[in-house]
Amino acid sequence: MSPEPAADHRRAERARRLVAQSAALGARPVRRLAGPTGTPIGAPASAPASAPSGARSGARTGRRPSRRTGPRGPERAAARLLARSTRATLAGLPTTPPSPYWRPGERALRLLTVATVAAVAALATGHPWLLALAAGPAVLLALAATGNDRPSRLDAENTVTPRRCLEGEPITVRITVRHDGRIGRLDPTAALGPGVALTAVTVGATEVDLVVRAERWGRWTLGSVDIDVYDAGGLARRTVRTDLGTMDVFPEPSAARLTPIPVRLPERLGEHTTAHEGTGVEVVGVRPYVPGERQRRIHWPSTTRRDAVQINQFAAERAADAVVLMDTLADFRDAATGRSSLDETLRAATGLTRAYLRRHDRVGLIAVGGKLRWLSAGSGERQSYRMVESVLEVRQDRGYRGVLAPRLPVAALPRHALVYAFTPLADQRILEVLGRVRDLGNPLVVVEIPAGEPAVEPGDEIDAVALRLWHAEREAMRSALRARGVPVARYTPGEALDLALAPLLRRRIGGGAR
């Protein structure tokens, strides 16, 4: 091989390597390198006639046509704000107030760095022309320091909509920055409390909109938001903080429509039929006519058959009194599903409460836990909210737990009121409470909330024996309740509460004598 073709071959190989490296880095080569025949290296000798112009240009430059992938600018900014707020939430709510003075921003720090490095380089190397690199940043910093258009009054106010919601519903927070001068961009950071999660952030000229999702029921602190307000030049910033306050998140009630009733009902008009004759709408029989009866109550088929005037006999309709007793002594989390026994207790109790209130009955509440919370029986939609609000803070009562079962106030249990006890049957103290309810003569129904079965390692005989003892203890608690005439209904989370209460409709629930 002659020297000239060998040199051309080496140049062609080098050109191919450069083109391959530039294509891997996604950049255009600095110059176009040609092979011995004048064809660009890394491209075919001729592009197909049907190929689009973008494809041909990409072939000529040795790289594929560029494709815009990933989120755009506003989406990247929103994702960055969400990530920063998530880190601030994990770090906890801030305790120290922000600085009330203006301080340099990121752009000012970068300009100061460039000016300082250029000045030090000029002094170190002795080249005065390097000072020209520091002149531009120094002028901008001087103009920013002498600027007088920054606002002297700067604060923020917020509007939270709504302050009460159900689990999983979105909450909108609008923060408005008030000022008396010119401001630049806003840079918010949200540190949220437990029970809520940030889902979206929108930043405007003077407003910041947050969308928060309520994850768990309870009375939660929403947290606070720190907003870095930059001046018009973007070189200085000042932080303002706004506290979002608290909000009430109500549990999502379970689906329930059935309302079992006790044997004895109070003398109050309602929608439950009784065995006694009254002025209801349900016909329970006929009887002979008594002078003074209304003629429209005559039952004509019986009158014709018996040859005597017969009158329709209607059943009396009465209202029922129910008391929901919640076992909040402990909160168990199922290892398999992650469900909380306390959450399921409140959801099931809320669904049953709404079912009774829809039928114009009176419902009361007793929460047995660290603190004894109770609410006298009442009716109406307002009673439902009063009951839920009275138990929103039961998670904060864990520090008040004692060893003895609390004594129930007599005023919380109306005479002949049907008591529903929602309990996971995991604490022996609840049996003492249920025994006291039974001793007062109130009819009682126990709704068992699953607490989750303990996990057992495969092949571990000790864990297997412990699991059998755990099952035996729970079965013994159920047998003790049934021996006293207390029905036990097992509730399955995710299903309608009616499936557990349906067997109770076969007969009315009886109680003792007070």
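Predicted model: local features only at pLDDT ≥ 70, side-chain atom pairs only at ≥ 80, totals over all residues.
At the N-terminal end, helix 7 is capped by Ser340, whose side-chain oxygen lies 3.4 Å from the backbone nitrogen of Leu342, while just after the helix His360 takes a positive phi of about 65 degrees.

Turning to the aromatic residues, the structure holds two aromatic pairs, which are set out below.

| Pair | Distance of ring centres | Angle of planes |
|---|---|---|
| Phe250 and Tyr385 | 5.6 Å | 50 degrees |
| Tyr356 and Tyr420 | 5.8 Å | 55 degrees |

Planes under 30 degrees apart would count as stacked and those over 60 as edge-to-face, so the pair of Phe250 and Tyr385, at 50 degrees, is tilted, and the pair of Tyr356 and Tyr420, at 55 degrees, is tilted too.

Phe250 belongs to strand 11 (residues 246–250) and Tyr385 to helix 8 (residues 381–390), so that this pair links parts of the chain 135 residues apart. Phe250 is buried because its relative accessible area is 5%, whereas Tyr385, at 33%, is partly exposed.

The other pair leads back to helix 7 (residues 341–358), which contains Tyr356, and joins it to Tyr420 in strand 18 (residues 418–423), 64 residues away; both Tyr356 and Tyr420 are buried.

A further ring, that of Tyr230, has the charged end of Arg185 sitting over it, 4.2 Å from the ring centre.

Technical notes: Residues numbered from 1 in each chain as written. Heavy atoms only, no water. Phe/Tyr/Trp six-rings, centres within 6.5 Å; stacked < 30°, edge-to-face > 60°. Helix = DSSP H or I, 4+ residues; strand = E, 2+ residues; numbered from the N terminus. Buried < 20%, exposed > 50% of the residue type's maximum accessible area, 1.4 Å probe, protein only. Lys NZ or Arg CZ within 6 Å of the ring centre and 35° of its normal. Polar contact = N/O pair within 3.5 Å; in protein donor to acceptor, adjacent residues only side chain to side chain.
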